[in-house]
Structures are given as C-alpha cells and as structure tokens.
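Good morning, colleagues. I should like to take a few minutes on the structure now coming up on the screen.

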Amino acid sequence: MDERKAAILKALIEEYVETGQPVGSNTVARGAGLGVSSATVRNEMALLEREGYVTHPHTSAGRVPTDKGYRHFVDHLARQKELQPGARQEVASFFATAHHALEDMLHETSLLLSRITTHAAVVVGPQPDAARVRSVRLVRLHESSVLVVAVLSNGQVERQFLELSGEVDDSRIGAATVVLETQLRDASFADLPVPRATGDGATDQLCRQARDALVARFTAGGPIEPVYVGGASRIAADIDAFTASETVGRLLEVLEHQYVVVSLVRDLIDQGVTVRIGSENRLEDLRECSVVLARFDVEGRAAGTVGVLGPTRMNYPQAMAAVAAVSRRLGEHLSPPG
C-alpha cells in the first residue's frame with residue numbers, strides 16, 4: 001500500500017472509531033493532511049474498497065473499515081500510544097496500593113483494565129500446575145490443629161487446616177516447618193516430593209501430613225486457571241457497534257464459561273497473537289469482536305494473561321497500550337523484590 005492510501009485508511013479508521021459513522025471523502029481529506037482534493041481522496045477510497053480494506057453501507061456514501069482494513073492498521077499504521085495521563089496515574093496508584101490476596105488482586109485488575117479501556121476485560125490467573133513453592137509455614141491454631149500455609153511463585157497463597165490426633169508442641173511445629181521449608185522450596189506445586197525422614201517419628205509424621213494436605217489442595221483445586229472478567233456490562237453498552245443485538249447476549253454467555261475463555265486465551269497466546277480481529281476469530285460468537293492480549297510473567301516465567309474484548313470498532317493503540325502497561329505492572333507486582 002502506498003503512503004497516500006495508507007494515510008487515507010488511517011484517517012478513515014481513526015474517524016470511524018471516534019464517531020461510529022460512515023466516513024466521507026471530505027472528512028478524510030481534512031483529516032489526512034495530504035493537501036489533496038476530496039475527489040482524489042474519493043478515488044483512493046474506491047481503490048481501497050476494491051482491495052477489501054473498506055466498505056460502505058448501502059444507505060450511505062461514506063465508508064467503514066473492514067476487518068482487513070483494521071488488520072493493516074494494527075500491523076502497519078497504529079503506533080502504540082502511551083496511556084493518557086489520567087489512565088497512567090490510575091494504573092500507578094492501583095499497583096502502589098494493592099495488597100490484596102491473589103484472587104482479589106486479579107479481580108480488581110480486571111476492573112481496572114475495563115475502566116481505562118471502556119471495554120470488557122479478562123484476566124486469566126496463574127496456572128497452578130506451573131507454580132513452584134516459595135515458602136511453607138506451619139501455624140498453630142489450637143492444641144491439636146495446625147494451619148499449613150504455602151506461598152507459591154505465582155503469588156498465590158494456599159492454606160490447609162490439619163486436625164491432629166493429639167496435642168503437638170511448638171518445638172515440633174518449628175522443626176517440621178524447617179523440614180518443609182528446606183525440602184519443598186522450589187518444588188513444583190503439582191508434584192510435591194515426600195519429605196525425607198529426619199529420624200524423629202512425630203516430626204516426620206507432621207511433615208507428611210502437611211505435604212499430603214497441600215497435595216489434596218492442588219487436586220481439589222484442579223489445574224484450571226482462574227478467570228476474572230471485569231466490566232462485562234460494557235459489552236451491552238456497545239450494542240450499537242454490533243450488527244445484531246443477539247450478538248451481545250452470545251458474548252455475555254461466552255464470558256460466563258470459564259473453560260471457553262481459558263481455551264480462547266491460551267490458543268491465541270500460544271500462537272503469539274496479541275490482537276485478533278473480527279472474522280479472524282475461530283469462535284463464531286466473536287466474529288464481530290476484537291481481542292487484545294498480553295502475557296504477564298512472574299519471576300521470569302509465564303504466569304497468566306490480561307486482555308480486553310470489545311467491538312472491532314476499537315481504539316486499538318489505546319487498548320494495546322493499556323493491556324501492555326497493566327500486564328507489565330501486574331507481573332512486577334507479583335514478583336518478589338530483587
């Protein structure tokens with residue numbers, strides 16, 4: 001595509017995203033800053049239409065972008081902008097003051113991303129089977145009950161209660177904690193080793209019980225990544241951006257099915273996709289939507305994904321900037337200092 005066509009396509013898309021109305025040649029001629037007449041722009045727009053980058057509704061002389069036009073815009077014309085100052089400050093303030101449990105943290109992050117993009121946002125949490133043990137502690141609750149606390153590399157904190165057959169003293173709890181901390185640190189949470197015997201039968205039994213409780217916790221929780229959806233109602237607010245009102249209902253139903261969202265996100269990220277537009281989506285219900293994704297890493301390992309989902313008439317540079325900023329800050333927040 002030559003520079004003039006590219007400039008015309010860029011101006012047309014930016015105008016259409018802003019107004020939602022078909023864009024005429026006069027408007028593009030003013031916005032593209034090419035110093036050419038509207039007749040010249042009209043001829044170029046006709047060529048762009050012939051090549052499949054734009055189309056026009058039958059009731060209007062103006063044009064609207066096609067999925068192919070949006071794809072060219074995202075790949076070649078859309079410079080990833082910095083977040084607006086207000087959004088940048090909101091992101092910074094959120095992560096500076098966020099000290100929630102992991103589940104609350106990820107949920108609040110989805111709401112943050114939805115607010116700054118005005119689209120539905122999705123956060124797929126860390127995969128439990130990919131997490132490693134960062135630390136283990138035993139905490140006495142009563143004479144014969146202990147709380148097992150494991151902090152994982154993905155930021156998750158697992159807790160399991162142990163009801164013991166008899167009273168256990170603080171020294172034995174301390175000794176078992178040392179064994180677990182030493183032998184389970186850096187182990188995969190999905191494959192915790194059986195602690196080696198210390199020679200003290202009571203300590204060894206407590207260590208095995210604690211380890212077995214954590215194994216049971218992983219098995220009960222399953223390997224399905226948690227999904228947090230923020231701002232789903234924004235899809236309904238964008239109803240005019242879809243050709244049929246039923247599309248909104250189908251999208252909301254998709255977001256209610258955790259396994260569908262996880263499969264969609266994992267499939268796209270595995271392909272290295274960060275933006276999937278309209279008809280590029282394999283899922284029929286997403287054919288009028290665009291998805292913008294970014295992976296977040298914890299301690300140098302892939303931990304999860306954040307993204308936004310909205311109509312193809314999306315401000316792609318801002319959406320990409322927001323997703324990039326939030327994914328980076330989330331990974332940094334969940335990683336240990338240093």
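Helix α3, residues 38-50, has 13 residues, and at 1.5 Å a residue it should span 18 Å; its end C-alpha atoms lie 18 Å apart, so the expectation and the model agree. Please bear in mind that this is a predicted model.

Which residues of α3 are buried? They are Val41, Glu44, Met45 and Leu48. Viewed down the axis of α3, these buried residues fall within an arc of 105 degrees and therefore line one face of the helix. In general, an α-helix has 3.6 residues a turn, so residues three or four places apart point the same way. The cover over the buried residues of α3 includes α1 (3-19), α2 (25-32) and β1 (54-55). On the other side of α3, Asn43 and Arg50 are exposed. After α3 comes Gly52, with a positive phi near 90 degrees.

I turn now to the sheet. Three strands form an open sheet in the order β4-β5-β6, and their pairing is antiparallel. Its edge strands, β4 (133-142) and β6 (157-163), each pair on one side only. On average, and ignoring direction, neighbouring strands of this sheet are turned by 20 degrees against each other.

How many bridges join β4 to β5? There are eight, and β5 comprises residues 145-152. Among the residues involved is Val136, whose bridge partner in β5 is Ala150.

Finally, helix α7, residues 170-184, lies across β4 and β5. The helix runs at about 165 degrees to β4. Thank you for your attention.

Technical notes. Residues are numbered from 1 along each chain as its sequence is written. This is a predicted model: local features need pLDDT of at least 70, side-chain atom pairs count only at pLDDT 80 or more; totals for chains, interfaces and linings use all residues. Side-chain values use heavy atoms; hydrogens and water are left out. Two strands pair if DSSP finds at least two bridges between them. Helices (H or I, at least four residues) and strands (E, at least two) are DSSP runs, numbered from the N terminus. Axes are lines fitted to C-alpha atoms, for helices over the stretch in contact, and angles run from 0 to 180 degrees between N-to-C directions. Contact means heavy atoms within 4.5 Å. The expected span of a helix is 1.5 Å times one less than its number of residues. Buried means under 20% relative accessible area, exposed over 50%, partly exposed in between (1.4 Å probe, protein chains only). The arc is that of the directions from the helix axis to the C-beta atoms.
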